[in-house]
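Biologist: I'd like to learn how to read a helix and its surroundings in a model. Can you take me through one?

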Amino acid sequence: MVRTMSGASRPLALLLCGCYAVALGVHTGEHSVAEGLDTGYYVAAVYEHQLIESPDPLALISRKEALELMNQNLDIYEEQVMTAAQKGVQIIVFPEDGIHGFNFTRTSIYPFLDFMPSSPREARWNPCLEPRRFDDTEVLQRLSCMAARGGMFLVANLGTKQPCQSSDPGCPGDGRYQFNTNVVFSSNGTLIDRYRKHNLYFEAAFDTPFQADHVTFDTPFAGRFGVFTCFDVLFFQPAVSLLRDPEVKHIVFPAAWMNQLPLLAAIQIQSAFAMAFGVNFLGANIHQPSVGMTGSGIHSPLKSVWHHDMEHVTGHLIIAQVARNPQRLVSTENATDTVDSSHSQFLKILAGDPYCERDSQEVLCDGATRWNVNAPPTFHSEMMYDNFTLVPVWGKEGSLRVCANGLCCYLLYQRPTLSEELYALGVFDGLHTVHGTYYVQVCALVKCGGLGFDTCGQEITEATGMFDFHLWGNFSTPYIFPLFLTSGMTLETPDQLGWENDHYFLRKSRLSSGLVTAALYGRLYERDSGEWGLGAGHRVDGPELAQATAHSTGTTSAHPGSFGKN
């Protein structure tokens, strides 16, 4: 079955025209998205690019040969810019590694590198108009001319080089730095800035900047954007620290992301970041299904339009109208609806937990529901290379609890009908050490790969089980990402997210299709260790972390992104 998914997490108008999709509530007919555009919105595009790659990335070739290959990819980029321009797009994002490819050595990638001025903002350089100002800038020139010709801001990723002196203690032995670099061009082709990837993912061809770049840029149509790349999304520097600036309401995210279910598919983490921080997230992934790379989207905290295709070897352009000021999910503080019976039961169960505070004004501790002593058995299974503790989810309704280390995860659920599938509630609280080292706290409701306990945690994409549920845990971090997938790689938006009595919860009813994953993925950046930590070259200890996040902590709130916790 074709696994091409371009859709929205709520009912949205979609216009599919060949290789692009217009969405997020825009009724366009035959007209440009920009026609009649509300000033509260802008038009964005991301392109999932099918890479034309080097047949042998380890081979040593000339600059001329490297440019011939890169120009094939740039030709496709230019076609997408012109298509986007016809639809009134104001900013377009291309993926990581989309121009040069990957799997190079430090030496073999050298012919693919453009020279990059040390401070593009100060250089005030338009490569399209000043092509001879710096040598070895042919790729930058083409990108600059594309932005100008399309009349739009353009974000792309390429390899860059910067010479260094032996007096620089960090200067590599070959006398140059090599960086995985995002570049941002204005609509007239001016190079606004560059961001050098900080958290490299087994990229021997590139150097890590000593300190993380914190790159933002302003636009006349949407205000301020922040920039980072792929693996950076899992770390404090620079992804979280960028948001100390309250004016940053939009993120551009080039990626070459290898999907890993059930928790870290590309569209999952993109959507989760948007919900967690209350920002718009423009994610462009490379398209290489043979290695599990697909999944791009334009996400707001409430809506998403995305593309996921593991069968076709073609690129895909997504175009969407995006709110300048993204709206967040309704908080428990300002909700006016009458509390329904399931939420009342959730509050009672929470009140009966040992963590209940007797002076809480929101729940009553006396007479609260107690946990059934005849709970299903706990078991262990590997998920995402981590040893999860799980409990099976049996029956049409119930309440479950499972704990590991200091984290307890809870589930209150009802099922309209039972399916012949095994679901489980899992918990992990510890240091993840495979393909990166970082500390996570996770509560996850997942469909298992089969009916055996040892299949829980396997990668699956199809499910039929329907749930109305509350999922929550006593997390010890304010940084929690809601990961939510249903059958067919379909994104879902929670009905509610937030803190309640020192527990973070996710609430959802009336799923659009069978549940694959519902998870709360907490990151404890201060407990990271090893190469990636809080950012290679700059470690943030407890006091510094607290200072860095002080702007976003406050009173208890269900606003994702405020991270309020008493």
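This is a predicted model: local features need pLDDT of at least 70, side-chain atom pairs count only at pLDDT 80 or more; totals for chains, interfaces and linings use all residues.

Biologist: How far apart are the end C-alpha atoms of helix α3, and what should its 13 residues span?

Modeller: Helix α3 covers residues 138-150, and at 1.5 Å a residue its 13 residues should span 18 Å. The end C-alpha atoms of α3 are 18 Å apart, which agrees.

Biologist: And just after α3, which residue takes a positive phi?

Modeller: That's Gly151, with a phi of about 65°.

Biologist: Which residues of α3 are buried?

Modeller: For burial, the cut-off is under 20% relative accessible area. In α3, the buried residues are Val139, Leu140, Gln141, Arg142, Leu143, Ser144, Met146, Ala147 and Gly150.

Biologist: What covers those buried residues of α3?

Modeller: The cover includes helix α1 (63-86). It also includes the strands β6 (114-115), β7 (153-163) and β8 (176-185).

Biologist: Let's stay with α1, then. How do I read the packing of two helices?

Modeller: Two packed helices are described by the angle between their axes and the distance between the axes. Here α1 and α3 pack at an angle of about 10°, and their axes are 10 Å apart. That angle makes α1 roughly parallel to α3, as angles under 35 degrees count as roughly parallel.

Biologist: Which residues of α1 and α3 meet?

Modeller: From α1 you have Arg63, Leu67, Met70, Asn71, Leu74, Asp75, Tyr77, Glu78, Val81, Met82 and Ala85. They meet Glu138, Val139, Arg142, Leu143, Met146, Arg149 and Gly150 of α3. Sorted by class, the contact of α1 with α3 has 10 nonpolar, 2 polar and 6 charged residues.

Biologist: Now the disulfides. What's the general idea, and how many disulfides does the structure hold?

Modeller: A disulfide is a covalent bond between the sulfur atoms of two cysteines. The structure holds 5 disulfides.

Biologist: Is Cys128 buried or partly exposed, and what about Cys145?

Modeller: Cys128 has a relative accessible area of 26%, so Cys128 is partly exposed. Cys145 counts as partly exposed because its relative accessibility is 30%.

Biologist: Which other pairs can I look at?

Modeller: Cys164 counts as buried at 11% relative accessibility, and Cys171 counts as buried at 16%. Then there's the disulfide of Cys448 and Cys456, with sulfur atoms 2.0 Å apart. That link of Cys448 and Cys456 is right-handed, with 85° about the S-S bond, and both cysteines are buried.

Biologist: Stepping back, how many helices and strands are there in the protein?

Modeller: The protein has 7 helices and 28 strands. Of its 566 residues, 63% count as buried. Among contacts with a separation of 6 or more, 70% are accounted for by residues 24 or more positions apart.

Definitions and conventions: Residues are numbered from 1 along each chain as its sequence is written. Side-chain values use heavy atoms; hydrogens and water are left out. Helices (H or I, at least four residues) and strands (E, at least two) are DSSP runs, numbered from the N terminus. The expected span of a helix is 1.5 Å times one less than its number of residues. Buried means under 20% relative accessible area, exposed over 50%, partly exposed in between (1.4 Å probe, protein chains only). Contact means heavy atoms within 4.5 Å. Axes are lines fitted to C-alpha atoms, for helices over the stretch in contact, and angles run from 0 to 180 degrees between N-to-C directions. Angles under 35 degrees count as roughly parallel, over 145 as roughly antiparallel, 65 to 115 as roughly perpendicular and the rest as oblique. Ala, Val, Leu, Ile, Met, Phe, Trp, Tyr, Cys and Pro count as nonpolar, Asp, Glu, Lys and Arg as charged, and the others, Gly among them, as polar. A disulfide is a pair of cysteine sulfur atoms within 2.5 Å.
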